[in-house]
Amino acid sequence: MDELREQQMEALSVASEYSVKLIDGIEKVINELKGEKLADTDDFLKHVISGINWIINVFNATKDIIAEKNDLIDKESVNSSVMLLNDSYNEKDDIKIAEALSQLLEFVKQLRDAADRIKL
């Protein structure tokens, strides 16, 4: 196995483990945005967005390995969700932010599942 592939496999392994925590965080912040915001919701949201950005970077660096296992993740859908999140965040529209996060939550779950299948 060449060095790049080893690095990609390691990144997917770390992303799989991290995504479990990120999924939990996304679900919590969605609930807070749709319900009663807490004093730290906005700070929590920033951390969740940072985590999503990291996962997207891992996906971009490993999408060829993911595709080898016939795991198709719609990059255009992810880009659309990111744009919705960006616009909603700038508008400070909590409901739209929650919707964008819901869409990105599905992407994070797909990436986790793909990474888990690759580790097998």
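The model is predicted, so local features need pLDDT of at least 70 and side-chain atom pairs count only at pLDDT 80 or more, while totals for chains, interfaces and linings use all residues. Residues are numbered from 1 along each chain as its sequence is written, and side-chain values use heavy atoms, with hydrogens and water left out.

**Exercise 1. Describe how H2 packs against H4, starting from the axes and ending with the kinds of residue in contact.**

Solution. Two packed helices are described by the angle between their axes and the distance between the axes. Helices are DSSP runs (H or I, at least four residues), numbered from the N terminus. Axes are lines fitted to C-alpha atoms, for helices over the stretch in contact, and angles run from 0 to 180 degrees between N-to-C directions.

Step 1: the axes of helix H2 (residues 41-68) and helix H4 (residues 94-119) come within 10 Å and cross at roughly 40°. Step 2: angles under 35 degrees count as roughly parallel, over 145 as roughly antiparallel, 65 to 115 as roughly perpendicular and the rest as oblique, and H2 and H4 are therefore oblique to each other. Step 3: H2 passes H4 in a left-handed crossing, a term used if the near helix is turned anticlockwise from the far one by less than a right angle, with clockwise giving right-handed. Step 4: contact means heavy atoms within 4.5 Å, and among the H2 residues that meet H4 are Leu45, Ile52, Ile56 and Phe59, while the H4 side includes Ile97, Leu104, Phe107 and Ile118. Step 5: the residues of this contact of H2 with H4 divide into 16 nonpolar, no polar and no charged, where Ala, Val, Leu, Ile, Met, Phe, Trp, Tyr, Cys and Pro count as nonpolar, Asp, Glu, Lys and Arg as charged, and the others, Gly among them, as polar.

**Exercise 2. Work out how H2 is arranged relative to H3, and which residues of the two helices meet.**

Solution. Step 1: the axes of H2 and helix H3 (residues 75-91) come within 13 Å, and they cross at roughly 155°. Step 2: that angle makes H2 roughly antiparallel to H3. Step 3: the crossing in which H2 passes H3 is left-handed. Step 4: from H2, the residues Leu45, Lys46, Ile49, Ile56, Phe59, Asn60 and Lys63 meet Lys75, Val78, Val82, Leu85 and Tyr89 of H3. Step 5: sorted by kind, the residues of the contact of H2 with H3 are 8 nonpolar, 1 polar and 3 charged.

**Exercise 3. Find how many aromatic pairs there are, and say how each is arranged.**

Solution. Step 1: rings of Phe, Tyr and Trp (its six-membered ring) pair if their centres lie within 6.5 Å, and planes under 30 degrees apart count as stacked, over 60 as edge-to-face and the rest as tilted. Step 2: by this rule the count comes to 2 aromatic pairs. Step 3: the rings of tyrosine 18 and tryptophan 54 have centres 5.5 Å apart and planes at 85°, so this pair is edge-to-face. Step 4: tyrosine 18 belongs to helix H1 (residues 3-34) and tryptophan 54 to helix H2, 36 residues apart, so that the pair links distant parts of the chain.

Step 2: buried means under 20% relative accessible area, exposed over 50%, and partly exposed in between (1.4 Å probe, protein chains only). Tyrosine 18, at 30% relative accessibility, counts as partly exposed, and tryptophan 54, at 34%, also counts as partly exposed. Step 6: the rings of phenylalanine 59 and phenylalanine 107 have centres 5.6 Å apart and planes at 80°, so this pair is edge-to-face. Step 7: phenylalanine 59 lies in helix H2 and phenylalanine 107 in helix H4, so the pair ties together parts 48 residues apart in sequence. Step 8: phenylalanine 59 counts as buried at 4% relative accessibility, and phenylalanine 107 is buried with a relative accessible area of 3%.
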